[in-house]
Amino acid sequence: MSGPYLDVTGVSKRFGGLQALDDCSFAIEPGQITCLVGPNGAGKTSVFNVITGFIRPDAGQVRFRGQVLTRMGSRRIVGLGICRSFQNLRLFADLSVLDNVTVYLPSRTDENPFRPILRPIRTEIERKRRMAAAMSILEEVGLAHRARDAVRNLSYGEQKLLCVARLMASGAELLLLDEPTSGLSAQALEAMIALVLRLKAAGRTFLVVEHNTRIVQRLADSVVFLHQGHVLAQGEPAAIVADPKLGEIYFGGAL
Ligand SMILES: Nc1ncnc2c1ncn2[C@@H]1O[C@H](COP(=O)(O)OP(=O)(O)O)[C@@H](O)[C@H]1O
Ligand SMILES: [Mg+2]
């Protein structure tokens with residue numbers, strides 16, 4: 001690999017009169033969980049939007065495995081192996097749990113021109129293969145028993161697990177989770193933490209927006225502290241959480 005895994009360098013983004021990101025720089029190591037923390041409005045979701053190509057920064061760049069992402073479209077970035085969840089979930093509420101996962105499975109582009117007479121059979125084989133792949137992901141996240149249910153009938157905690165299942169289906173190696181634990185019951189919270197730690201053990205890399213400092217300490221290998229669009233500190237969770245200046249900004253400010 002040439003250079004760092006993912007690095008954000010000097011990224012700035014202004015919305016009208018508001019400087020959402022201000023010379024924002026940090027790096028992510030492969031196989032680690034990096035937590036992105038900071039008060040409401042600090043620019044955390046904007047960082048996700050820049051990395052995933054949803055917004056183009058005014059200055060600075062994002063590189064992934066040495067490739068500059070900043071001018072790429074979001075589809076291409078997904079193709080490189082970066083996938084994100086949304087704070088407001090964006091699930092297909094009327095589709096089944098299974099179909100919500102299936103639509104995220106990469107489609108096979110290498111479809112060879114098999115004889116037309118065999119096409120329906122091949123299509124059926126492909127459909128079954130996709131269903132099986134989606135089911136095995138649902139088993140991994142503990143939602144297999146809900147596969148046929150409409151998403152609208154899931155609990156909020158189940159919906160958030162389903163969001164992670166979709167990212168798994170995409171095959172992405174770098175997963176960006178925007179507040180995956182917010183609003184969860186204690187039980188759903190433990191399921192989410194266990195899932196993320198299992199995926200990390202299996203080799204995936206994470207950037208996670210997380211507010212709760214106890215959860216940060218359980219999840220993070222590294223913490224990036226964002227304030228007014230600028231990274232004030234990056235380091236080990238214990239050091240960041242113990243920093244009185246950062247604590248003042250975090251708890252004395254928006255909360
Ligand atoms: N598309 C946008 N248009 C205008 N303002 C935006 C947009 N996205 C974010 N902002 C503003 O940028 C600031 C940072 O927002 P955001 O990145 O969502 O913060 P966080 O996720 O840390 O709470 C906020 O003041 C927000 O209102
Ligand atoms: Mg946000």
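Predicted model: local features only at pLDDT ≥ 70, side-chain atom pairs only at ≥ 80, totals over all residues.
Student: What makes β9 and β10 an antiparallel pair?

Tutor: Two strands pair if DSSP finds at least two bridges between them, and β9 and β10 are joined by five bridges in the antiparallel sense. The count therefore meets the definition.

Student: What counts as a strand or a helix?

Tutor: Both are DSSP runs, numbered from the N terminus: helices are H or I with at least four residues, strands are E with at least two. By that rule the protein chain has nine helices and 10 strands.

Student: What lies between β9 and β10?

Tutor: The two strands form a hairpin with two residues between them. Gln228 is in that turn, with a positive phi of about 50°, although Gln228 is not a glycine.

Student: Why is Gln228 called partly exposed?

Tutor: A residue is buried if 20 or more other C-beta atoms lie within 10 Å of its own, exposed if 12 or fewer, and partly exposed in between, with C-beta atoms placed from the backbone. Gln228 has 18 such neighbours, so Gln228 falls in the middle class.

Student: Is Arg90 buried or exposed, and why?

Tutor: Arg90 has 10 C-beta neighbours inside 10 Å, so Arg90 counts as exposed. Arg90 lies in the loop between β6 and α3 (97-102). Arg90 is not a glycine, yet its phi is positive, about 55°.

Student: Why is Asn212 put in the partly exposed class?

Tutor: Asn212 has 14 other C-beta atoms within 10 Å, and is therefore partly exposed. Asn212 belongs to the loop between β8 and α7 (213-219).

Student: Why is β3 said to be largely enclosed?

Tutor: Five of the five residues of β3 (residues 33-37) are buried, so the rest of the structure largely encloses this strand. Both faces are covered: Ile33, Cys35 and Val37 are buried on one side, Thr34 and Leu36 on the other. For the protein chain, 32% of the 255 residues count as buried.

Student: How do you know that β3 has a partner in β8 and in β9?

Tutor: Four bridges join β3 to β8 (residues 205-209), in parallel. There, Ile33 is partnered with Phe206, and Leu36 with Val209. With β9 (residues 222-227), β3 again pairs in the parallel sense over four bridges, and Cys35 stands opposite Val223.

Student: What makes the six-stranded sheet open?

Tutor: The order is β6-β7-β8-β3-β9-β10, with mixed pairing. β6 (82-84) and β10 (230-235) stand at the edges with a single partner strand each, so one side of each has no neighbour in the sheet. From one strand to the next, the twist averages 15°, where axes are lines fitted to C-alpha atoms, for helices over the stretch in contact, and angles run from 0 to 180 degrees between N-to-C directions.

Student: Which strands does α1 lie across?

Tutor: α1 lies across β3, β6, β7 (174-178), β8 and β9, and runs at about 150° to β7.

Student: Why does the radius of gyration agree with a compact globule?

Tutor: The radius is taken over C-alpha atoms, and the globule rule is 2.2 Å times the number of residues to the power 0.38. For 255 residues a compact globule would have a radius near 18 Å, and the protein chain has 19 Å, so the value agrees.

Technical notes:
Residues numbered from 1 in each chain as written. Chains lettered and ligands numbered in written order. Contact = placed C-beta atoms within 7 Å.
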